[in-house]
Structure formats: structure tokens, C-alpha cells
Amino acid sequence: MSPNTVEEMYDAVIIGAGAAGLSAALGFYRSEAVNELRERGVEPKVLVISKLQPLRSHTGSAEGGIAASLGNIEPDEWQWHYYDTVKGGDYLVDQPAAKLLAQYAPETVVNLERSGVAFSRTADGHIAQRRFGGHTKDYGGEPMERAAYAADRIGHQILMTLWQQCVNYGVQFAEEWYVSDLVLDDWHDSRAAAATESTAESSSGSGERRVEGVVAFDTHTGKTHAVHARNVLIATGGAGRLFHTTSNSYDLTGDGMALALDAGLQVEDVEFVQFHPTGLAHTGILLSEASRAEGGILRNGDGKAFMADYAPEHRDLAARDVVSRAIRAEVDAGRGVADPKDPDGPKDCVWLDMTGIDPEHMREVLPQVLETIEMYGGLDPTRDWVPVKPTAHYTMGGIPITVDGQVYTVTGDGDGVRTSPVTGLYAAGECSCVSVHGANRLGGNSLLDACLFGTRAGHTIAANVLADPVDNPMADDGADTGDDTDPVREAADARADDVRALLGTVTPGPENETAGEDDNVDNMGGTAAEESSDANAYQVMDRLGAVMDAALAVITDGDKIDRALAEVGELREQAAALASHMDAAAFNQEITAIWETRHLIELATAVLEATAARHESRGSLYRTDYPKRDDGHFLAHSMTGRDGDVDWKPVEIVDIEPRQRAY
């Protein structure tokens, strides 16, 4: 589904069609504000742009569950969920947001059920729940069953349901369109700042800014579109493809975060990347935490169940960062195992022993885990131990937002911090940071975050549109703003020049100096490669993944970060020289791959700079040169710009004081 024509102006454009984007669209159309608009005879103009067909979104790969204190298996309280979320995030969690997450979790899950999500059931028909790492009863007591699940395919159920509901509401999609540029009112200033590798004053958060729209590339036709919008929501997912070993699909290339950086905005807490403990050997494919919730046990090369040495009470269901570091410690101590498919390879895995789970029960509640192990590992988990190692899974940080999805920037430090909203710009889901995950996300909280805060952002946008819809019958069509500039059209023209350069149909030179300059501003200078060049985006992406694995996988230090920054700088130059190996724009996957590569490099630099600036270990970030948590200096959110400068914003603490974190 794609629009036959592009409207002159949209009330709202949503970038991304996973759980967060679809929840935002539904939140918008189900809101009282939209009902009121329709009663007035006004139909809002909304477009959801996705670089994938929505049912291919990465939400569909979520396996284990969505957290909510339903209390269907045993008594539960939202306050316990709130406490676990703050503790799980190693106290770098904004507590008002976490409190809201926990309070509205049951309502979110019930609304999903009413929309059509087919949850697994208890014997008496209630939504079934299972244990998940870090979720406890009575403020840190015994593990408890809080994750509502649908076998091990909860993401698939949620994605299908949200998409079907959007179709029912008549949501308009532009499928397989790639958003290449986020355009704000100071687009010219941002381009100039990017060209000089500095941060323009308007890009640093001083002064209110406004969204104007986006530039989108239709991969089917090869055409570049200027899409004007009064409100834009970014819901593009995470950035697992920063790493070679990752559970993320190939489309999670950090586009939304990179778009924000390119527009002169900031990203928050991007140094915190969660490595899920149980990726299948060297594939990185996720084996759900549900496999341990149902009775799976981690064992080292000696056959010992080692998690009791690292988390005496919670053992295999401790928080994910704790389990991943324990696996790394066992491997470093020489107690790792090799992948049976490569018996002479490195002993960098441990065993996941699921043989204690009843085979019939395993097939009923873990069908996807079972199928994955059989298909990609060639093993039978009812009889065989399975090799696993930590795999890059989730980005806790992202575009800074309020609990209503409003994007903002920060200037100053400490008591002098000032936040400035970007009018009309919103974000939700993994690409955003509402600061409910802090330094480490609890399992089951990601789908909850995406659905709950996506819905809230949709409600907020609807209220904005109600105040001034595009098709406002009371508007004065003859009003003259006195400003004839159109930054969205200019950005689209510049991107079209970039496409021509990538195809080799523009030759920068004295007769085309303007086009050459445009091609080298906010897209890292793409021009046609030498005809003899064999370089391609996938090679650069693969090299970047290896660099980031070596630098940041589970543990890091200053020397690793410095080496990675130097190597990423070299990769930036290689990415700038990339060009398409075919001369047609339509259905040319290499064009978008080049942009994705450049986005990853942009974001990798920000991740490394933020990591370098945080001189402590907290949550998923463990620095061997700064092995202790330092609340005195770093109980604060990092705010990183495209120039690498890092500002700091204090954590919002309400009623849970930081303390030692143990499981």
C-alpha cells in the first residue's frame, strides 16, 4: 500500500510501522480529539511511512512477553513492577516515567487483548503469565510471574493485531519508502553546521525549533518526495546492526536516531546497549528469556550451573546485564565452550540446558525457540545442550522525549540544565528515550514501552491537530506568512541530487559546483565511485559491526573506545565514497543500504563518544578502567550531539533512592 499522490500538507506523519508507530496511529484515530474533528466534518490527513511492509517490522520477532502486574497467576502490585524497573535500570531511570509505565501496564495489556491479541491462557481462561528476569514480588523478593505471553510469539501477535486494527481504521501507509531526511525550520543552519563539522547555535538546543516535514525515497519508483507535515513522529526502532553479533534484523540500522543527529538534535544515554545473554552461538539469533523462565539452566564448560556464583537468589533469571557479564566472566576464566558447528573455533560460548523441561510443555510454550535451535543449531534441545553467547539486543538510549512523546533538546549541566521542545516533533519506541529503562532494560518492558508511549504520543498529536487541522474550514486561506522559503522542498531537491550522484549520473565539477556541495552536506558527501571500485555498503557495514563488537560487546575500556573511534573515522571516509553499482534508482537496494551505512556510522560515533564520557560502570555498560558505579558524578543522562559534545541531565528521583544493586 502506498499513496497515489502526496498531500501538500499532512496533519501528521509517522515514520515506522512497528509496535510504537502502529500504536501511535491507533492512539491518534481512537482519540476523543479525532472523534471531535470528524463531528465537525474534518478528516485528518495522516501518513505512516515505513521502509518495510509493516508485517516485516522487527516487533514481530519479540518472543517472551509483555510485562504487567495483572496478578493472574499470583498476587502482584504495580508498585513492585515500578521498583523492579528502577532497580533493573541501575537507578538511571526517571522515576515519574517508570511509575507511569508500571501503573498503566495492565490497562495496556487488556486493551491489546480487546484489540485481538491472542494471549496464552490459564486453565480458568485468564491471560497467562510467566517469570522474567528481574521481575520480583514484594520489592526485590522472589521472582514472580509478570510477563503476559502468547507461547513465545508475543511480538508476532501484537504486530498482526495492531496492523489489522490500523487497516480497519483506514490508516494510510507508504510502504517501502525510506525517510532520508528530517527537516526542521532551521534546515539551512543545520546543513551549514554539518558542512563545517560544528554545531550551529540553533542546533544546540538554544531557542525553540519546529518540524517542517520529511524527505522520503520511494524504493519502487526511485522518486524522492517532499512530505510536509505539522507533526512528525519517529518510531524507527533500534540500532542492533551497529554490532556484528546481534539478535536484530537487518533493517534495524538506527535510522531515527541518525535522522535526529543529522538535524542537529541530541540522543540520550546511547552508551547503554543491552546484550541479551542467550544468542544462539555465532548466529546472534535470540533464544528467548522464556527458555530460562520455563526451566532452562546456563552451564559452563565443566557442566556447572554457574549463575548461583553471580546472582545467588535469582540465578538464571537475574537482570540481563548481570547474566551477560557472568557468561563473559566464565569464558574469560577458560570455562567457555566452542560452537559444535565449529569445534576448533573459539571457546566463547556457554551451554543452555533445556533438557529438564518436559518436551511436550516445551513444544507448547516455546515452539519458536525449539524451531530456531533445530533449524539453525542442528540440535534437539529436549536432549542436547545448546551453545549460547551474548548478542546485541536493545538500545536503552535514543531520542529524548517526555512521557507524551515530545522531543526536546538540552543545554547546560547540573542546576543550569534547560530543556527546549521541538515543536511538532515526537518519538516513541526503541529509537526514543523516555528514560524508563535507564542503564539496563528488564525483559517484557520493551513491548510495553512501545505500545503505551506510542499510544500516548498519538493522543498528544491528535490534540494538536484538533487545535489547528490542515483542513480547517475556519482557516484564512489568504493569510500571508511573509516567508516563501520551503526547507522541505529544498531538502528533497538536495537528496535527489544525492541519488543522482550515487547513480553516477551527476559528475561534480566546475559546471555543477552547487550539486556537488549539496551532495556533501548532511549525507557524508556521497558521489559516484570509480567504475573499477568493488567497495559496497555491506562490506563497510560488516566491518563496522566487527569494530563495535571488539570495542563494546559486554565490557570495554578507554583504549578500546579510542581505537574504535579511529577505525570508525576511517569507515566514515569509505562510506562517503560509496556509490551504486547500477544506474537505475527504482528497486535499487544499494541506495538505501548506503544511507543505512552512513546512519550507522553517525550513530556509532555518538555511542562511542557517550561511552568515553561516562567514567563509570552502570547497568549494561561495564568499563574495566572504571569498574564502579559513580552516583556522585554520573547519576545523570548523557545528551550527545553530532559533534560529539556531551551534556548531562540529572535523573528524576521521586521515592526510590539509589542503592547497591544485587540479585
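## Cysteines

A residue counts as buried when its relative accessible area is under 20%. In this predicted model, Cys166 has a relative accessibility of 0% and is therefore buried. Cys431 is buried too, again with a relative accessible area of 0%.

With a cut-off of 2.5 Å between sulfur atoms, the disulfide count is zero.

## Helix H18

Helix H18 covers residues 589–613. Its 25 residues should span 36 Å at 1.5 Å a residue, and the C-alpha atoms at its ends are 36 Å apart, so expectation and model agree. At the N-terminal end, H18 is capped by Asn588, which places a side-chain oxygen 3.1 Å from the backbone nitrogen of Glu590.

Of the 25 residues of H18, 21 are buried, so the helix is largely enclosed by the rest of the structure.

In soluble globular proteins, nonpolar side chains tend to be buried together. The largest nonpolar core here contains 128 residues, and Val13, Ile66, Leu182 and Leu425 have the most contacts inside it. H18 supplies the largest share of this core, 12 residues. Because domain 1 (10–197 + 206–238 + 398–467) and domain 3 (537–636) both contribute residues to this core, it lies between them.

What does Leu425 contact, apart from its neighbours within four places in sequence? The residues are Leu182, Leu184, Val211, Val232, Ile234, Leu265, Gly405, Gln406 and Val407. Another core, of 30 residues, lies apart from the one described above; among its members are Val322, Leu352, Val369 and Leu370.

## Ser435

Ser435 sits in the loop that runs between strand E19 (432–433) and helix H13 (445–467).

The side chain of Ser435 makes a polar contact of 2.8 Å with the side chain of Glu268. Leaving out residues up to four places away in sequence, Ser435 touches Glu268 along with Val93, Asp94 and His637.

Definitions and conventions:
Residues are numbered from 1 along each chain as its sequence is written. This is a predicted model: local features need pLDDT of at least 70, side-chain atom pairs count only at pLDDT 80 or more; totals for chains, interfaces and linings use all residues. Side-chain values use heavy atoms; hydrogens and water are left out. Helices (H or I, at least four residues) and strands (E, at least two) are DSSP runs, numbered from the N terminus. The expected span of a helix is 1.5 Å times one less than its number of residues. Buried means under 20% relative accessible area, exposed over 50%, partly exposed in between (1.4 Å probe, protein chains only). A polar contact is a pair of N or O atoms within 3.5 Å; within protein, one must be able to donate a hydrogen and the other to accept it, and residues adjacent in sequence count only if both atoms are side-chain atoms. A nonpolar core is a set of buried Ala, Val, Leu, Ile, Met, Phe, Trp, Tyr and Cys residues joined through side-chain atoms within 4.5 Å. Domain bounds come from an automatic or database domain assignment. Contact means heavy atoms within 4.5 Å.
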